[in-house]
Amino acid sequence: MDIQKLLSEMTLQEKLGQLTQLNAIFFKHDNTADITGPTSRLGIEESDALYSGSTLNFIGAKDMKEIQDIAMAAQPHKIPLLFMQDVIHGYRTIYPIPLGMGCTFDEELVEECARMAGKEAAVSGVHVTFSPMLDLVRDARWGRVMESTGEDPHLNGRLGAAFVRGYQGNHLQGKYDIAACVKHFAAYGAPEAGRDYNAVELSEHTLRETYLPGYRACIDAGVEMIMPSFNTVGGVPSTCNRLLLDRILRGEWAFDGIVISDYNAYREMIRHGVAENEKHAAELAINAGCDVEMMSATTYLYAQELLAEGKLTMAQIDRAVLRVLDLKNRLGLFENPYRAASEQEEAELHLCPAHRALVRRAAEEASVLLKNEGVLPFSQKAKKVAVIGPFAKEKGIKGFWSCAGRDEDCVTVLSGVRALLPDAEVATVKGCSWAVDETAVPDLDEAIELASEADAVVLCLGEYQEHTGEGNSRATLNLSPAQMALARAVIKHNKNTAAVIFGGRPLVLTDLAEIVPAMLYVWQPGTEGGNAVARLLFGKANPSGKLSMTFPRAVGQCPIYYSRMHTGRPVKDPKVVTQSGYCSRYLDMPVAPLYPFGYGLSYNTYTYDNFTVSDDKITPDAPLEVAVTVKNEGAYEGKEIVQLYIRDKFASVARPVLELKDFAKIELAPGESAAVIFTLTEEDLRFHTADGTFASERGEFEIFVGPDSERLMSTTVYLEK
Ligand code: BGC
């Protein structure tokens, strides 16, 4: 399609329609009642809605085709709609929440999962997914930490790029390739007090150094679209933030793809007190660099006036429209408006055995073994197993943002254990609900009876899926008193107990960790959750996940992260409460977290040996080889995530105590050892210096290697320039 020619033939109304995205409900002829409400709230007529260039929140191939027919029939140039959707961690077959995927430290697995999700979505008519979410997250109170891969810029960047590769495949040329949209630009993950949609205050230094690299990695991986965040950054809503959109994104990064606002974000600038009215909102957003407006119609309604007043130019409108037409063209929509949408392929692919096997593997690799005092793995010969707790039979374990995923498709822990141990007697009781309710009373009698009689107890605790995600911030992160009472009673009557904890964020597990012999954190594991959990507990699979987000001891430690800055008055031992004053301490608890970034156990012990660096100097022309030998001293096949950190000992600006620079996931048979070799270059040592340049500075660097961000071996090298 010659899109330049098409553009030249389009009326202004048609062009503005291309810059407007409306909910699928607006296209349904048979849904007048529903249309009238929202349509009038947006200030447009029903016929206007049909001009819009893209839509979201439709359901499946049939729906998509109907809407595409309706929209194209109404459009003077029969321009097909773009169909977008939040495919965040699977479409119908759901893999763990992205925070869990972060714990896999596995780019190949992430890419494979995104590919699978894209394929299922493509046959349901999706062209663009609003994923990956690359907001760096360091405060577990924020409900949307579940959507991010975690707290570290390096890890997030690598996994973000893997998501993009998985979705976009062969540059959108493959039948099942879909476009990705990185979000929420920028720093949406740092709202004050961990409360969703709240203001973000960061220095430009911290923004550039820590919060932007993840988005940038996705742009370097070729992501097609980007979504500014709802929040203000330094007092300016991202939607009209010229530093972010104009200077950094369009200018420094030369991003020429589509910038789409978040849901109703143009109009929310009025609430922020930055736009005076809808017309002003459109002016601010477009002049900052936005192209498409999601779920409001300020561009559609007011751009003509703004053009007449010289506040916008036709060149701006045309450039934005061309970006939209270009994406449609490269997706092949002008030739084939249904693209891959196919009811038959939906039936074949959604929840097919291969997809279920993949998400089960992902759920296994995302789970993190936090504690194990010799209890796990349970014997597969166990005759009587008790599966106790609010998540024992709970099907709501797929997690927030599961798109077309359904609770009813999910395998519960109870079903997983029963399927794995067909000859065992597997009994269950709930004991209490998952409600975040301080006053709920547990029902302990039956739980105690089952626990007392069992060979092994699986105690399923945690946080319900709807208690995380958008809008669901929390001011407390503890397990409820009822869940703790249940845990105490069960553990008292059976020491062969392992807690399986569901959660969309790091919960505070300090009290539980003191009493429970074993703890497996499974996040919201998705469709195959119960099967994955059973295989892990009974030794058919070996835990290998490592935390991509620090677990606090108490909510008062939030935000907490490993890559913190030095303080001039550090405590001597962060693991104990410091008695002497005038140092960076808490009076009532240690400053160290309960579990650090990068931490996770296995059924094996891995030893680290022969840590060497190829030289004691590093130069721009001579990278450093950092080697370590890792040995599996255990009895199981297993995977280990080997981590490389650095510390810049002296620089023109204070540097973090540790920074992750590389990692490797290796697989080892019992008794096997392997050499892991990392290459560290001068580029890896660059940062935003005091004079604002991105450069390295000569001097000493400590190099660390180890199994997590606390247990590290180190050596010092010198950067010569
Ligand atoms: C969320 C976005 C999402 C959009 C469309 C918004 O409320 O913040 O992450 O992509 O809705 O569903």
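Q: What makes a group of residues count as a charged surface patch?
A: Patches are made of residues with over 30% relative accessible area and no salt bridge, and like charges are joined within 9 Å. Asp and Glu count as negative. The model considered here is predicted. In it, Glu425, Asp443, Asp445, Glu446, Glu449 and Glu453 form a negative surface patch.

Q: Which helix gives the most to the negative patch?
A: Helix H19, residues 445-453, gives the most, with four residues. Glutamate 449 lies in this helix.

Q: Why is glutamate 449 called partly exposed?
A: The relative accessible area of glutamate 449 is 48%. Buried means under 20% and exposed means over 50%, with partly exposed in between. Since 48% falls between these cut-offs, glutamate 449 is partly exposed.

Q: How do you know that cysteine 410 is in no disulfide?
A: A disulfide requires two cysteine sulfur atoms within 2.5 Å, and by this rule the count comes to zero disulfides. For cysteine 410, the nearest cysteine sulfur is that of cysteine 403, 14 Å away. Cysteine 410 is also buried, because its relative accessible area of 2% is under 20%.

Q: What places cysteine 558 too far for a bond?
A: The closest cysteine sulfur, in cysteine 103, is 16 Å from the sulfur of cysteine 558, too far for a bond when the cut-off is 2.5 Å. Cysteine 558 counts as buried, because its relative accessibility is 10% and the limit is under 20%.

Q: What makes lysine 665 and aspartate 106 a salt bridge?
A: The closest N and O atoms of lysine 665 and aspartate 106 are 3.4 Å apart, and the rule asks for a side-chain nitrogen of Lys or Arg within 4 Å of a carboxyl oxygen of Asp or Glu. The pair therefore qualifies as a salt bridge. Lysine 665 lies in strand E21 (residues 659-668), and aspartate 106 lies in the loop between helix H6 (98-102) and helix H7 (107-123), so the pair ties together parts that are 559 residues apart in sequence. By the same rule the count comes to 49 salt bridges.

Q: Are lysine 665 and aspartate 106 buried or partly exposed?
A: Lysine 665 is partly exposed, at 22%. Aspartate 106 counts as buried, at 13%, because the limit for buried is under 20%.

Q: Why is the pair of glutamate 528 and arginine 356 called a salt bridge?
A: Their side chains meet at 2.6 Å, N to O, which is within 4 Å, so the pair meets the rule. Glutamate 528 lies in the loop between strand E16 (518-521) and helix H22 (529-537), and arginine 356 lies in helix H17 (residues 353-366), so the pair ties together parts that are 172 residues apart in sequence. Glutamate 528 counts as buried, at 7%, whereas arginine 356 counts as partly exposed, at 22%.

Q: Why is leucine 56 called buried?
A: Leucine 56 has a relative accessible area of 2%, and buried means under 20%, so the term applies. Leucine 56 lies in strand E2, residues 54-56. The C-alpha atoms of leucine 56 and methionine 295 are separated by 9.2 Å, although these residues are 239 residues apart along the chain.

Definitions and conventions:
Residues numbered from 1 in each chain as written. Predicted model: local features only at pLDDT ≥ 70, side-chain atom pairs only at ≥ 80, totals over all residues. Heavy atoms only, no water. Patch = residues over 30% accessible without salt bridge, like charges linked within 9 Å, V, L, I, M, F, W, Y side chains within 5 Å. Areas by Shrake-Rupley, 256 points an atom, 1.4 Å probe, with all protein chains shown as cover. Charge placed at Lys NZ, Arg CZ, Asp CG, Glu CD. Helix = DSSP H or I, 4+ residues; strand = E, 2+ residues; numbered from the N terminus. Buried < 20%, exposed > 50% of the residue type's maximum accessible area, 1.4 Å probe, protein only.
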